[in-house]
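Thank you all for coming. I would like to walk slowly through one structure today, so please have the sequence and the model open as I talk.

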Amino acid sequence: MTTTTTPTRTGDRDAARVSVCGGSGCVALGALEVIRALKSGADGAGAPLEIDSGPCVVGCRGFCSQGPLVYLSQLDVLYCRVRREDVGEILDHLLGQSEVVERLLFSDPSSGRRYRGLADNPFFANQDRQVLSRCGVVDPEDVDHAVALGAYHALKCALSDLDPDKIIDLVKRSGLQERGGVGFPVGLKWAVVADSPGEIRYVVGNGEGGDPGPTADRTLLEGDPHGIVEGMAIAGYAVGAREGRLFLRSEHSLAVDRAEHAVAQAQQRGFLGSGIFGSTFDFSIEICENAGASMGGEETSLLNAIQGRRGVARPRPPFPAVSGLWGCPTLINGLETLANIPLIVTPDRLGADVRPARTKVVSVSGAVSRPGVAEVPLGTSLAEIVDELAGGDIKDGVLGVHLGGPGGLSLSASQLDATVDFGSLRSHEANLGSGSILVLGHNSCPVALARYLVSFCAEESCGTCPPCRIGTIAVLNFLDRISSGEAQSSDLHQLERLCLHIRMTSLCELGRNAAGSVITGLRNFRENYESHLSGRGCPTGICE
Amino acid sequence: MQFTDDITDSGFFGSEGGDGAEALDPAVIELVDELLVRAPSGREGLIGVLLALQQTFDRVSWRVQELVADRFGLSPAQVAAVVSYYPRLSAERQGRLKIDVCTGTACFLCGGEGVLGQINRAVDERRSVDGEPNLAVRKQRCLAVCGLGPVVRVDDRVHTIAEAGAAEGIVVGLVGPSPESEDER
């Protein structure tokens, strides 16, 4: 793991010598039982362990497939898939009474090699954890621990040393682009909101990435919710808003709980509320749970949902930055974007050299041996991520990747030299969207994948505009016929035209991107589509 | 299995669809008013209140929607429009025992659709045997256990679906063996 160089985030708590991941993946796999066993085991062992406050429960490390994870920070040993029965051996190792427990170390499924700590584990070693620097280190339910590791320091110095214009300027010069969607420049958006006329303004944290896969948002909320709260407060100060709304997916119940807890703690400690850090700035955050219709996180539908209405899209302009919640100028940023803000607005950045926003959180899943949520430097190629970080076999085992979730685009294996940044991907007509990288093995079928993704969009469609409401169903009908082998080659031509029409005529981003997987699939996986035609059916057998 | 379902089970909502003259149980009215105190002011609080009611009663019945509409100063149609739009709100009972099937992209790639079918079949079969009303199958977009997919979550525990018969096992684990199989014994 690349060690963080930010001076505000280096502290560590002695009590955290043993940390157990308490993210939803690890909890689902039994982390709570492990924590209970560690606590009772530590009590039995007494003082020498120095874990008198119990093992530290930390947020998601992103290595969810290997949970529950137990990390011994002073020995740099990461134990994976730990069960209650293993706790005795782990404590023996920690106390120096036995050697490292080999069978609990991460074993790479492809090579069989075992990795001891974070530094040698390729999943962590190939990352540059900036936004995620506290995830897996800090106790997400303990504001004091977060503060000890640097949380709210940026807010404090912003309120005491910087005026709003200066902050917007810093964000502009950092080159931060919206981490999600098409990568709109964040500083520019902030400036528009700040300049829009109106007494009242709002900041909305959009936690509805609309991706049915593992996401940065969930990892951040579960691992370091205070980073997001702090980012929202700084955004509020910069654009002149006194109220924020955090819009979250209700099915990620742990993430919602952690966010609520963090906001309440921040309020208690005076990081939110009136006169924050003795300034004249007031800011509060309300948490809004989504009742299940995400519309892919589309901005105008999200505003309707927050206002207690049906979450349907509306035409733009007016853009939310000018007329959003209750007609007031509203800044909408994704959670990863907001978590970047405290890294940009810190005291040592006041000089000429602004710290560029240089990383992107990605989630890799599919045909890889080390799936998970990771943070990589911008400019890393997809091949490096798939091969080196996630352990996919790009020479023989990968058919292609699908980027950016349901509204995203598919690239073939020969296009993996594209890099994770906002320019390079655009030249492939792709954008990273939520940051999800779905790796397709040779046993996966691009037609089945497109059918799944389009059906997701069809379900999410708010129904306002016909191209999306009717078009997605028409695309599904085509895909059904292709899957069952009934389609002819002329159908592919018609399907492509239909998809392009949907893209050109839909009201919002959800509709415009709904058929993106089909358009790029037809282009980059043409052979797979054609092999389904004229009664031949699916070569992999998945479509049947 | 027992649930804190007294209010609904004792028929307070049972008479809806009749002449509509029956009053709601005072406890329900009290609950709604209590939720309103904590909710953000104005219409913004509507969805939060409806979600809380859905969680308590496993639905937001028409009578309760009318009550909520009255308290928010909206028409019943405006509330019904919201309830019918969001997948997590429903005027009909969904079943209290939720089987969450992950249909996220990673689980889909490893056969999540097939698992959803298996679970649905097992639940349908069970319903046809004893009319079991409490089971609900929900599609979830990602349960965050992407390396082990496809997975199913019941009561905060994640089950991996590797072996055949796992779907039936999950259903039996929730509602016990079916009366038929007990007869056989």
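Let me begin with two terms: a residue is buried if 20 or more other C-beta atoms lie within 10 Å of its own, exposed if 12 or fewer and partly exposed in between, with C-beta atoms placed from the backbone. A nonpolar core is then a set of buried Ala, Val, Leu, Ile, Met, Phe, Trp, Tyr and Cys residues joined through C-beta atoms within 7 Å.

This is a predicted model, in which local features need pLDDT of at least 70 and side-chain atom pairs count only at pLDDT 80 or more, while totals for chains, interfaces and linings use all residues. Residues are numbered from 1 along each chain as its sequence is written, and chains are lettered from A and ligands numbered from 1 in the order in which they are written.

Which residues of the largest nonpolar core touch the most other members? They are Ile234(A) and Leu50(B), in a core of 213 residues. Helix H10 of chain A, residues 225-239, gives this core its largest share, nine residues; helices (H or I, at least four residues) and strands (E, at least two) are DSSP runs, numbered from the N terminus.

Leaving out residues up to four places away in sequence, Ile234(A) touches Ala154(A), Leu155(A), Ala158(A), Ile167(A), Ile341(A), Pro342(A) and Val345(A), where contact means that two C-beta atoms, placed from the backbone, lie within 7 Å. Ala154(A), Leu155(A) and Ala158(A) are among the buried residues of helix H6 of chain A, residues 153-161, and what covers the buried residues of H6(A) includes helix H7 (164-174), H10 and helix H13 (335-344) of chain A.

Now to the place where the chains meet. In the model, 32 residues of chain B are in contact with 33 residues of chain A. On the chain B side, the elements giving two or more residues are helix H3 (46-57), H5 and helix H6 (105-109) of chain B. That side has 20 nonpolar, seven polar and five charged residues, where Ala, Val, Leu, Ile, Met, Phe, Trp, Tyr, Cys and Pro count as nonpolar, Asp, Glu, Lys and Arg as charged, and the others, Gly among them, as polar.

One residue to look at here is Ala291(A), in the loop between strand S9 (284-290) and helix H12 (299-306) of chain A. Why does Ala291(A) count as buried? It does so because 22 other C-beta atoms lie within 10 Å. Not counting residues up to four places away in sequence, Ala291(A) touches Ser250(A) and, from chain B, Ile47(B), Leu51(B), Tyr86(B), Arg88(B) and Leu89(B). Ser250(A) is 41 residues from Ala291(A) along the chain, yet their C-alpha atoms are separated by 6.6 Å.

Chain B itself has nine helices and four strands, and 36% of its 185 residues count as buried.

Finally, how far should we trust the picture? The model scores ipTM 0.87 and pTM 0.90. Chain B averages a pLDDT (the predictor's confidence in each residue, from 0 to 100) of 79, and 81% of the residues score at least 70. Within chain B, confidence is highest in helix H5 (residues 76-85), at a mean of 96, and lowest in helix H1 (residues 6-9), at 39. Over residues 1-21 of chain B the pLDDT is below 50, and this stretch has 16 contacts in the model beyond near neighbours in sequence. Where pLDDT is low, the predicted coordinates should not be read in detail.
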